[in-house]
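Q: I would like to learn how features of a structure are read from its atoms. Could we take them one at a time, beginning with the idea of a contact?

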Amino acid sequence: SALIHAATMGAAGVYLLCRSFWLFETLPSVLSTIMWIGGLTAFLSACMALVENDLKRILAYSTLSQLGYMVMALGLGGNVAGMYHLTTHAFFKALLFLAAGSVIHGTHTQDIWKLGGLTKSMPWTSAAFGVGALALAGFPGLSGFFSKDEILVLAHEHNPALYWLGTVTAGMTAFYIARAWCVAFMGTGHGHPHESPAIMIAPLMLLAVLSIAGGYLGIPRL
């Protein structure tokens, strides 16, 4: 899931659109269709993530929503912004999926309502998931903040309606990932979870660093 949802599956469609951007960049009607498909996909997928209780499904719907942002950027003429978000998304979404895998390994469930209290029993996994959640939500300074902001700036300049749709979706994103983290990692625990071994934690720490610092790779030098 970490590879397919964070990179391979996402890269296939967005990368294809970026490589073929020259074919339709001068066709306003095509760009308009692309941007609205992207914007509505981002919004509707976020709606589904809001009511999902399966930890991995929340992340899967989140992936669809972030792909919608990337496609929306392409429709707005921002192929660079789309690839920028694709890159940062690969970092923090791979982190979230691997952290979810660590949770499943330590608890044998992925229903967020059957979890809880994992910050005490799985501190490393909890911290890693928290970093990924903040990056996905667009917390200032983290990778997702810079790339998502770039897309919203494009929308603000070219299509106010799409800008507000993207802004509302960003708020929904912050809410559903905060809901997932609070329910799964805070509160009263269930069962007897255990932290994952170092071989599973090490990649989480590496991806956490990239999720924090990866956004700076796309900032132009002055």
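A: Contact means that heavy atoms lie within 4.5 Å. This is a predicted model, in which local features need pLDDT of at least 70 and side-chain atom pairs count only at pLDDT 80 or more, while totals for chains, interfaces and linings use all residues. Residues are numbered from 1 along each chain as its sequence is written, and side-chain values use heavy atoms, with hydrogens and water left out.

Q: Which residues does threonine 125 touch, not counting residues up to four places away in sequence?

A: Beyond those sequence neighbours, threonine 125 touches Ala99, Ser102, Val103, Phe185, Glu195, Ser196, Ile201 and Leu204. Threonine 125 sits in helix 7, residues 123-137, where helices (H or I, at least four residues) and strands (E, at least two) are DSSP runs, numbered from the N terminus.

Q: Why does threonine 125 count as buried?

A: Buried means under 20% relative accessible area, exposed means over 50%, and partly exposed is in between, with a 1.4 Å probe and protein chains only. Threonine 125 counts as buried because its relative accessibility is 0%.

Q: Is histidine 108 buried or exposed, and where is it placed?

A: Histidine 108 is exposed, because its relative accessible area is 68%, and its place is in the loop between helix 5 (79-107) and helix 6 (118-121). Although histidine 108 is not a glycine, it has a positive phi of about 65 degrees.

Q: How should I read a nonpolar core, and which residues have the most contacts inside the largest one?

A: In soluble globular proteins, nonpolar side chains tend to be buried together. A nonpolar core is a set of buried Ala, Val, Leu, Ile, Met, Phe, Trp, Tyr and Cys residues joined through side-chain atoms within 4.5 Å. The largest one here has 35 residues, and Leu55, Leu59, Leu95, Phe129, Tyr176 and Ile177 have the most contacts inside it. At least two residues of this core come from each of helix 3, helix 4 (55-75), helix 5, helix 7, helix 9 and helix 10 (198-213), with helix 5 giving the most, eight residues. Apart from this core lies another, of 15 residues, which include Ala42, Leu76, Leu154 and Leu162.

Q: What does the span of helix 9 tell us when set beside the expected value?

A: The expected span of a helix is 1.5 Å times one less than its number of residues. Helix 9 (residues 160-185) has 26 residues and reaches 37 Å from its first C-alpha to its last, close to the expected 38 Å. Helix 8 (residues 143-158), with 16 residues, reaches 24 Å between the corresponding atoms, close to the expected 22 Å.

Q: Which residues of helix 8 are buried, and what covers them?

A: The buried residues of helix 8 are Ser143, Gly144, Phe146, Ser147, Lys148, Ile151, Leu152, Leu154 and Ala155, and their cover includes helix 4, helix 5, helix 7, helix 9 and helix 10. Alanine 81, found in helix 5, is in contact with Ala73, Glu150, Ile151 and Leu154, leaving aside its neighbours within four places in sequence. Alanine 81 counts as buried because its relative accessibility is 6%.
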